[in-house]
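Dear colleague,

Please find below the sequence and structure that I am handing over to you. A short account of the findings follows.

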Amino acid sequence: MNSTNISTWSEPAPLLTITGRILVCCPGGLVTGGPELLHQLVDELRNLGHDSYVCYYPFDRVHECPKEYANYNAPQAKFCDQSGDLIILPEVRTILTRRFRHAKVAIWWLSVDNYFGRRGESWLSDTFRTTTSLIRNRLPLKDLATLTHLVQSAYARDFLARASISSVMLTDYLSREHFEPKNPTPQKMDIIAYNPRKGVRRTLEIIKSNKDLSFIPIQGMKKHQVSDLLSRAKIYIDFGSHPGKDRLPREAAMAGCCVITGVQGAAGNTEDVPIPRRYKLNDNNRDYLPDFARLAKDIFSNHEDHNKLFEEYRASIRLEPILFKQQVIKIFGQPHEQPSVARIKDEKR
């Protein structure tokens, strides 16, 4: 056999070429889904052997890592603009691209609506939100076109595509605690959990129209209290704008809730929120209130049957940590250096 006909497999080259550090910029002192994801990325990069750090902003202040993220391997580095480094900025601080003249810069779209606000209501409201966004130190899209764009959701990918900007998917995952069943498992109750900061107007309409149902807001609760509520509730609802692939619907599903959403933002597609169509109600339809009442009451009466229909959603959520790692390797590559070396470097700094 001619040896020249034998092909050998080689690992695809990463999308980004990095010769220095990777600095992931994160708002200091903020504990929400976005900052947690930024810490997750640093952790994964370091596990793969990259010299990566979280860089809190404002850069001229001293920040401590929130205790909620202490479990991530995400050491802190100070602001520095040097050739060879890669700077990753969340979309809410695109103005910071002007601070970097030597390092490469990538924008990570964790949200769309948090950038310009909810779009498509009217020309006047869209114009107002765009103007407000620029005043709040966010650059117009045309000024970002030449940068690398990473997206946490298909919703963000499609938003950028409409502006002729290509992007690469870099999603996220739920922490391990959401995959571990409670022991003992709490008894499910006829409770509807909701986030009062999401879709307030629609949620209040639903509550007012269903006074015979029990609604409990997720507010003023610690993490374990939220987990306990979701483990007891049969339903979680979210009629908010879904600016990205939100965490709470996934946390609720993993806790055994049936999830009911609207069709706004990321909830409008089957990639970001892949739940059966019957559980997505278009709140612009006149019949959405009676439709919700019928669905909620049927779930209360036949929770086990409805709950089985969310198993594919839960299966996709369980695969998210693996998918996230694959995406990180595809984008940033996997250095030959072992993770322990990166940690040794950090200890010597």
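The chain has 12 helices and 10 strands, where helices (H or I, at least four residues) and strands (E, at least two) are DSSP runs numbered from the N terminus. This is a predicted model, in which local features need pLDDT of at least 70 and side-chain atom pairs count only at pLDDT 80 or more, while totals for chains, interfaces and linings use all residues. Residues are numbered from 1 along each chain as its sequence is written, and side-chain values use heavy atoms, with hydrogens and water left out.

Of the 349 residues in the chain, 48% are buried (under 20% relative accessible area, with a 1.4 Å probe and protein chains only). Among contacts (heavy atoms within 4.5 Å) with a separation of 6 or more, 65% are between residues 24 or more positions apart.

Helix H8 covers residues 288-301. Its 14 residues reach 20 Å from first C-alpha to last, close to the 20 Å expected (1.5 Å times one less than the number of residues). Tyr288, Phe292, Ala293, Leu295, Ala296, Ile299 and Phe300 are buried in H8. An α-helix has 3.6 residues a turn, so residues three or four places apart point the same way. The partners of the buried H8 residues are strands E7 (189-194), E8 (215-217), E9 (233-238) and E10 (258-261), together with helices H5 (200-209) and H9 (303-308).

Yours sincerely

Methods:
Buried means under 20% relative accessible area, exposed over 50%, partly exposed in between (1.4 Å probe, protein chains only).
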